[in-house]
Amino acid sequence: MRNFGCLWSFVFGICHLAQADILARHEMLSFKEDISKWNYSLTVKVLENPQLKKTGLMECGELKELKGVVLCASTKKTYMNKALTRASIFSEGSNGTPVGSLASTDSAVYQNIVTHALGHDIPSKALLGFWSDLEHSCQEKRLCPTPEEKDLFQEIILPVSHKESQFVVISYSIDTEWYVTLSHEMMHAQYFLDPTYQKTVDQFWSETVTAAARKEITEILAAQYNKEDEFVIRNEFQAFILQHSALQAQLHQYVPLYRDKLIQKLKEAGSEPLGL
């Protein structure tokens, strides 16, 4: 499907051909106003193209509300995960795989995340480090970039890196409960990019969350995340507490204790959560 894809202006409705495999990029998107329209346009494009129905389509755009957020929406979870899973493992580690590792496409950790992940949040430093290491490790096919990784980096991530010194890619797929995932990933984006947001969360974690609760929360999150990485644990804590449908998520028992208090602290600090 080489040569399919659009660089689409959401405001003016202009579509330009791009050299990409089933990838397109919206220009500036409003998190509050454009997401439902965007999801609908993705669905229509897939319905109109039999090939896309099989392979999937992913589009990425920068957000108006927070500088440095690159939001990617996919019509198929598997397509999204083939593009972002290995970069995510490189960024956070997973199930005994340390941070900074290049997972092979035949590894158990890769296969598990490709199958089950609902979204991703990866800062630019990790993305660019992953891509550099990947390009230098392609002696074996299983370590080479996948077609989806190539398209995402060449068409989206590398061009953004030329104009933004710091950014984060977050993603969701519309064939899942996307509004829950998007809410969760948006909290991550704010934690990565907004120093006031991050400082407020970190202070809340150390001063408001009890030592016993911090220990219990860390153990719950350790099933999926590296419990030795306090940055990751704090980041996941706030995302699970604040996300849509938090009472059905991993940290549901702590939502009544801490959600409203954390939201209030963030509002007082001038960094209200965007994903509420």
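In this predicted model, a disulfide joins Cys60 to Cys72, with 2.0 Å from S to S. A disulfide is a covalent bond between the sulfur atoms of two cysteines. The two partners come from distant parts of the chain, since Cys60 belongs to strand β4 (residues 58-63) and Cys72 to strand β5 (residues 69-74), twelve residues apart. Looking at the geometry of the link between Cys60 and Cys72, one finds 110 degrees about the S-S bond, and the link is right-handed. Is Cys60 buried or exposed? Cys60 has a relative accessible area of 0%, and because buried means under 20%, it counts as buried. Cys72, likewise, is buried at 0% relative accessibility.

The structure holds two disulfides, and the other one to consider joins Cys138 to Cys144, with 1.8 Å from S to S. The torsion about the S-S bond of Cys138 and Cys144 is about 105 degrees, so this disulfide is right-handed.

How many of the six residues of β5 are buried? Six of its six residues are buried, and the strand is mostly covered. In a regular strand the side chains alternate between the two faces of the sheet. For β5 both faces are covered, with Val69, Leu71 and Ala73 buried on one side, and Val70, Cys72 and Ser74 buried on the other.

Strand β5 also has a partner in strand β7 (residues 168-173), to which it is joined by six bridges, and these two strands run parallel.

Why can β7 be described as largely enclosed by the rest of the structure? Six of the six residues of β7 are buried, so the strand is largely enclosed in this way. Both of its faces are covered, with Val168, Ile170 and Tyr172 buried on one side, and Val169, Ser171 and Ser173 buried on the other. Strand β7 pairs as well with strand β6 (residues 119-123), in the antiparallel sense and over five bridges. In this pairing the bridge partner of His120 is Ser171 in β7.

A search of the whole structure finds eleven aromatic pairs, and one of them is formed by Phe90 and Phe130, whose rings lie 6.0 Å apart from centre to centre, with 65 degrees between the planes, in an edge-to-face arrangement. This pair links distant parts of the chain, with Phe90 in helix α3 (residues 77-92) and Phe130 in helix α5 (residues 124-135), 40 residues apart. Both Phe90 and Phe130 are buried. Elsewhere, ring pairs link Trp38, Tyr172, Trp178 and Tyr179 into a cluster, and Tyr172 is one of the buried residues of β7.

The last element to examine is helix α11 (residues 255-269). At 1.5 Å a residue, its 15 residues should span 21 Å, and the C-alpha atoms at its ends are 20 Å apart, which agrees. The buried residues of α11 are Val255, Tyr258, Leu262, Ile263 and Leu266. Seen down the axis of α11, these buried residues fall within an arc of 130 degrees, so they line one face of the helix. What do the buried residues of α11 pack against? They pack against three helices, namely α8 (195-207), α9 (211-221) and α10 (230-242). On the other side of α11, in contrast, Pro256, Asp260 and Glu268 are exposed. After the helix comes Gly270, whose phi is positive, near 85 degrees.

Key:
Residues are numbered from 1 along each chain as its sequence is written. This is a predicted model: local features need pLDDT of at least 70, side-chain atom pairs count only at pLDDT 80 or more; totals for chains, interfaces and linings use all residues. Side-chain values use heavy atoms; hydrogens and water are left out. A disulfide is a pair of cysteine sulfur atoms within 2.5 Å. Helices (H or I, at least four residues) and strands (E, at least two) are DSSP runs, numbered from the N terminus. Buried means under 20% relative accessible area, exposed over 50%, partly exposed in between (1.4 Å probe, protein chains only). Two strands pair if DSSP finds at least two bridges between them. Rings of Phe, Tyr and Trp (its six-membered ring) pair if their centres lie within 6.5 Å; planes under 30 degrees apart count as stacked, over 60 as edge-to-face and the rest as tilted. The expected span of a helix is 1.5 Å times one less than its number of residues. The arc is that of the directions from the helix axis to the C-beta atoms. Contact means heavy atoms within 4.5 Å.
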